[in-house]
Amino acid sequence: MAWVPHHFQILLHEMFKLLHYACCRNVILFRIGTSGGIGVPPGSVVVSTGAVNGLLREELDLHVLGRVVHRPAKLDVALAKEIADEGQRSFPELNVVTGKTLCADDFYEGQGRLDGAFCDYTEEDKREFLEKLRSLGVVNIEMEATQFAAMCHHAGVKGAIVCVTLLDRIQGDQVSTPKTVMSEWQLRPQHLVLSFIKSRLAADSAAAC
């Protein structure tokens, strides 16, 4: 399930306030979920190294007091690499990749789909757009990345985005994978993040001894 962007923003505001009042330090937040892949096989796990908006800029555009405020949508690349390395080490059977994530404003036109109620572009237009994304290092599409990345960066909190791909959008818009298989795929980001957390805790415990 994808969050409506402003609902997700409310959640993040409340989480950051709770972290502040609880005097938490060295926090890492994870956004895990599903996405559409670009040039990667379905079932791949993508650890995002950056987030771009619908204009292909690594920023979040906010309307504040009648003005447009641009906030950098930056992710910690070293953290992303550490998570991906953990995945490749602990789950060698999975295709764990890193790359940028396109955060679309909606499910249909913003993602270049051809199966929405409105479609004022051609299949060739869509293909050119997806190939442009791939040339920019974008490997998946979802709908929360810029909100998450920009707000974590603005708060000075490390954040990581780990999503499984349910299809390769270059090959089509429809998911044809059986539900049982997709249910297993959707657990992959959770397993990877849990493995990373356990590895980090073990390393911290060993360093404290």
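The model is predicted, so local features need pLDDT of at least 70 and side-chain atom pairs count only at pLDDT 80 or more, while totals for chains, interfaces and linings use all residues. Residues are numbered from 1 along each chain as its sequence is written, and side-chain values use heavy atoms, leaving out hydrogens and water.

**The whole chain**

- You'll find six helices and seven strands in the protein chain; helices (H or I, at least four residues) and strands (E, at least two) are DSSP runs, numbered from the N terminus.
- Reading from the N terminus, the order of elements is α-β-β-β-β-α-β-α-β-α-β-α-α.
- The C-alpha trace of the protein chain spans about 60 × 50 × 30 Å along its principal axes.
- A compact globule of 209 residues would have a radius of gyration near 17 Å, and the protein chain agrees with that, at 18 Å. The radius is taken over C-alpha atoms, and the globule rule is 2.2 Å times the number of residues to the power 0.38.
- Contact means heavy atoms within 4.5 Å. Take the contacts in the protein chain between residues at least 6 apart in sequence: 78% of them join residues at least 24 apart.

**Surface and burial**

- Of the 209 residues, 42% count as buried, meaning under 20% relative accessible area (1.4 Å probe, protein chains only).
- The accessible surface comes to about 11600 Å², with 57% of it belonging to carbon and sulfur atoms. These areas come from the Shrake-Rupley method with a 1.4 Å probe, and for residues only the protein chains shown count as cover.

**Helix α4**

- Helix α4 covers residues 145-155, and eight of its 11 residues are buried.
- Those buried residues are Ala145, Thr146, Gln147, Phe148, Ala149, Ala150, Met151 and Cys152.
- Just after α4 comes Gly156, which takes a positive phi of about 75°.

**A look at Asn140**

- Asn140 sits in strand β6, which runs over residues 138-142.
- Asn140 counts as buried because its relative accessibility is 0%.
- The Asn140 side chain makes a polar contact of 3.1 Å with the side chain of Ser35, and another of 2.7 Å with that of Thr101. A polar contact is a pair of N or O atoms within 3.5 Å; within protein, one must be able to donate a hydrogen and the other to accept it, and residues adjacent in sequence count only if both atoms are side-chain atoms.
- Leaving out residues up to four places away in sequence, Asn140 touches several others, including Gly36, Gly37, Ile38, Val46, Cys163 and Thr165.

Terms used
Buried < 20%, exposed > 50% of the residue type's maximum accessible area, 1.4 Å probe, protein only.
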